Amino acid sequence: MKSSLRSIGDTAARFGLETHVLRHWEDKGLLAPARDGADRRLYGDDDLVRIAVILRSKAAGMTLDQIGVLLADDHGSRRHTVLQEHLADLDRRMEEMRRSRAMAVHALECEAHDMTRCPGFRATIADVLDGSSTWSAAIAQARP
């Protein structure tokens, strides 16, 4: 089945993007759309798949440089390194979200209307309050 080609405007609209975003991604080497006789960009199905990969990767917190490694044909071992680093970052952020959610649930159920006065929350940061630990050390220690 032959892929139909789309203009930059149509392509951007399909993804809710401004056209300058697609141009920027092209400048970064993430996209390489075909060109017509008047040098206008034409996007095929494979380009749309690449755009979807870029958007999903950005939503997951990846940088354009990391995404470039994922989309490049010549970065096999580098690709694995980028993905391993990204997975570790996702795990860290998910743990932060888990703790943030637990704090929000506690705040919702806590009788103290001011979290700074909540004995339960204060207990979770006692080591930081008494100076026996720093915030970043306490966060690192709490990681699974």
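## Secondary structure and overall form

The chain holds eight helices and two strands, where helices (H or I, at least four residues) and strands (E, at least two) are DSSP runs numbered from the N terminus. In order from the N terminus, the elements run α-α-β-β-α-α-α-α-α-α. This is a predicted model, in which local features need pLDDT of at least 70 and side-chain atom pairs count only at pLDDT 80 or more, while totals for chains, interfaces and linings use all residues. Residues are numbered from 1 along each chain as its sequence is written, and side-chain values use heavy atoms, with hydrogens and water left out.

The radius of gyration of the chain is 23 Å, whereas a compact globule of 144 residues would have one near 15 Å. That radius is taken over C-alpha atoms, and the globule rule is 2.2 Å times the number of residues to the power 0.38. Along the principal axes, the C-alpha atoms fill a box of roughly 70 × 35 × 25 Å.

## Surface and contacts of the chain

Of the 144 residues, 25% are buried; buried means under 20% relative accessible area, exposed over 50%, and partly exposed in between (1.4 Å probe, protein chains only). The chain exposes about 10000 Å², and carbon and sulfur atoms supply 55% of this area. Accessible areas come from the Shrake-Rupley method with a 1.4 Å probe, and for residues only the protein chains shown count as cover.

Among contacts in the chain with a separation of 6 or more, 42% join residues 24 or more positions apart. A contact here means heavy atoms within 4.5 Å.

## The nonpolar core

The largest nonpolar core has 19 residues, and Leu22, Trp25 and Ile54 touch the most other members. Helices H1, H2, H3 and H4 each supply at least two residues of this core, and H4 gives the most, with five residues. Such a core is a set of buried Ala, Val, Leu, Ile, Met, Phe, Trp, Tyr and Cys residues joined through side-chain atoms within 4.5 Å.

Not counting residues up to four places away in sequence, Trp25 touches Leu17, Leu30, Leu31, Ile51, Ile54, Leu55, Lys58 and Leu64. Thr11, in helix H1, counts as buried because its relative accessible area is 0%. Beyond its neighbours within four places in sequence, Thr11 is in contact with Arg6, Leu22, Tyr43, Leu48 and Ile51.

## Helix H3

Helix H3 covers residues 45-59, and its end C-alpha atoms are 21 Å apart, which agrees with the 21 Å that 15 residues should span at 1.5 Å a residue. The expected span is 1.5 Å times one less than the number of residues. The buried residues in H3 are Asp47, Leu48, Ile51, Ile54 and Ser57. They pack against helix H1 (8-15), helix H2 (19-27), strand E2 (41-42) and helix H4 (64-71). In general, an α-helix has 3.6 residues a turn, so residues three or four places apart point the same way.

Lys58 also belongs to H3, but it counts as partly exposed because its relative accessibility is 40%. Apart from neighbours within four places in sequence, Lys58 is in contact with Trp25, Leu64 and Ile67. Just after H3, Gly61 has a positive phi of about 100 degrees.

Glu26 is part of helix H2 and counts as buried because its relative accessibility is 19%. Its side chain makes polar contacts with the side chains of Arg35, at 2.8 Å, and Arg41, at 2.5 Å. A polar contact is a pair of N or O atoms within 3.5 Å; within protein, one must be able to donate a hydrogen and the other to accept it, and residues adjacent in sequence count only if both atoms are side-chain atoms. Leaving aside neighbours within four places in sequence, the contacts of Glu26 are Leu31, Pro33, Arg35, Arg41 and Tyr43.

Asp39 sits in the loop between strand E1 (34-35) and E2. Its phi is near 65 degrees, a positive value in a residue other than glycine.

Helix H5 has 34 residues (76-109) and reaches 49 Å from its first C-alpha to its last, close to the 50 Å expected at 1.5 Å a residue. Its buried residues are Val82, His86 and Glu95.

Cys110 lies in the loop between H5 and helix H6 (119-124). Cys110 counts as buried because its relative accessible area is 18%. The C-alpha atoms of Cys110 and Phe121 are separated by 9.6 Å, and the two are eleven residues apart along the chain.
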